[in-house]
Amino acid sequence: MLILQANGILMKLEMTITASEKKFEEYSRDRVLEKYKTKMDEIYKKLMKIAKSKDTLALLKFQSQLERSRYQLVTAEWAKKVGFREKIGIVLKIPGLQKYQIKEERIVMYVFLAYSKGFEFRDIVDSDHPGDLERVIFLKYPYSKRLQRYYYLNTAGHGFPVLRKKELGIFPSFEDALETCELYLKPGDHAAGVIKKEELNILDTIKGKLFARLNASRFFSLTYISILKLFEKIRGKLLKIRKRELESSETHTFWLLEPEELKENLGIDLESYINLILQLDGIIDTKIKEMGRTRIKLKLFWRRIRNKLTRHAQKSERDKINRLLELRKILWQTPIIQQPKMFYHFRRDPYNQTIFDRKDIETMEKLEFYLNSILLKITDLKMESIENPSEFLRSKNIYKYDNLSDWGKIAFPIALKELFEKPLYDWAYPEKAEFSDKVKRIIFSITDTFYRRVQSWRIARRY
């Protein structure tokens, strides 16, 4: 069972892992580090070459290249020292998309991992890279004054959520909801998900009902007994394997930063930022609807008259709609770290200022300022963890996370920065994804169950 304990600062999540899965994780981690060692050797050789040549310009250029690889460099060391046992992360509580006047809240449980791995085929792990970020999306709706209804979207693979949300149940809090399910990481791909406890027993329920029907018929009853005897030995072996797996299983811990801690201790207020995003998105919807009404009026008015004026009016209307769609792409499909610059250029464009009124432009400016302040705090935290790690580990914001290893503490702010390299739709709003990503989501969702079963079978067979 997934256990959730409030630790004042961190939430502690526990999950079990079997001996075969543990061996596969160790093997996979070693392959990832072996693959990355070649890249590390190349980095050190290049650095030695620059040092010998005393080329300042080349050194500055090399430093910028290292900046882009910091997450992988740190997580590679984290994987060496701690491996796969330590998993840290964060819980984000953010506004949902308000549809049909129903108040929605989304909760994202992000897990930062020391390494990423791919599909295992023919005893070869298609190793990917050090460091990975996976998440489960929860949706919360009001049910009564003290109760909420919870749904969830697991990750099918490569960060794509499954197609349909599944109901978790009605609970007084998110913590109570989590206690009714188990967390898993998909073998061969660290896609995260939760599964309800009753789903774990669904096969037993089906078998019970099926056998009750079979026993009602003498013919089927005799047939069933014959089949049972035939496969008794196989069944016994399977039970022994399962028992051995359960006896050899061990508990792994996830340490997740609570949303209140993110806001109060680190000064990162995501709710206010996303509320501004939703406000601008609502303005876009309103203006597009108004454009549609204008187009109908133009067609009715100029039905029999085709001249340059109508063509100009229609072209102008298309240009406005394209600008509105451009802003929507900035809001949802642009990496968050690039948004401030995009907002700056968009709101200062003279043509865009004719589409939006002064209040809308001020909202964009406020959003730009707000996001810049969040990114500055995260960047400062990241720079401190890298440039002065000893002082960073003693700082008031970090030292109290004494359950984490030093490399885990150093990796956390860098992973947080990586989170802001993603577009907002990738966090918790798959409805806002590009069309190509929606197609990929369908493909991974369809193949998800088969993928998991094949990988589990291969791992159990090998180890």
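Lys 80 and Glu 77 both sit in helix α3 (residues 70-81), three residues apart, or about one turn of the helix, where helices are DSSP runs of H or I with at least four residues, strands are runs of E with at least two, and both are numbered from the N terminus. The side chains of these two residues meet in a salt bridge, with N and O 3.2 Å apart, the term meaning that a side-chain nitrogen of Lys or Arg lies within 4 Å of a carboxyl oxygen of Asp or Glu. Lys 80 counts as partly exposed because its relative accessibility is 49%; buried means under 20% relative accessible area, exposed over 50%, and partly exposed in between, for a 1.4 Å probe and protein chains only. Glu 77 also meets Lys 81 in a salt bridge, at 3.1 Å from N to O, and since these two are four residues apart in helix α3, about one helical turn separates them.

The model is predicted, so that local features need pLDDT of at least 70 and side-chain atom pairs count only at pLDDT 80 or more, while totals for chains, interfaces and linings use all residues. Residues are numbered from 1 along each chain as its sequence is written, and side-chain values use heavy atoms, with hydrogens and water left out.

In helix α1 (residues 19-53), a salt bridge joins Lys 37 to Asp 41, whose closest N and O atoms are 3.4 Å apart. The two residues are four apart in the helix and therefore separated by about one helical turn, and Asp 41 is partly exposed, with a relative accessible area of 31%. Ile 50 lies in helix α1 as well, but counts as buried because its relative accessibility is 9%. Leaving aside residues up to four places away in sequence, Ile 50 touches Asp 55, Ala 58, Leu 59 and Phe 62, a contact being heavy atoms within 4.5 Å. Phe 62 is twelve residues from Ile 50 in sequence, and their C-alpha atoms are 8.7 Å apart.

A polar atom of the Lys 287 side chain lies 3.2 Å from the backbone oxygen of Ile 355. Beyond residues up to four places away in sequence, Lys 287 touches Leu 324, Ile 355, Phe 356 and Asp 360.

Elsewhere, Asp 281, Asp 285, Arg 328 and Lys 432 are linked in a network of salt bridges, and a search of the whole structure finds 15 salt bridges.

Turning to the strands, β6 (residues 148-153) is mostly covered, five of its six residues being buried. Strand β6 runs antiparallel to strand β9 (residues 166-171), to which five bridges join it, and the bridge partner of Gln 148 in β9 is Phe 171.

For the protein as a whole, the secondary structure comes to 18 helices and twelve strands, and buried residues make up 45% of the 463 residues. Among contacts between residues at least 6 apart in sequence, 69% join residues at least 24 apart.

Conventions. Polar contact = N/O pair within 3.5 Å; in protein donor to acceptor, adjacent residues only side chain to side chain. Pairing = 2+ DSSP bridges.
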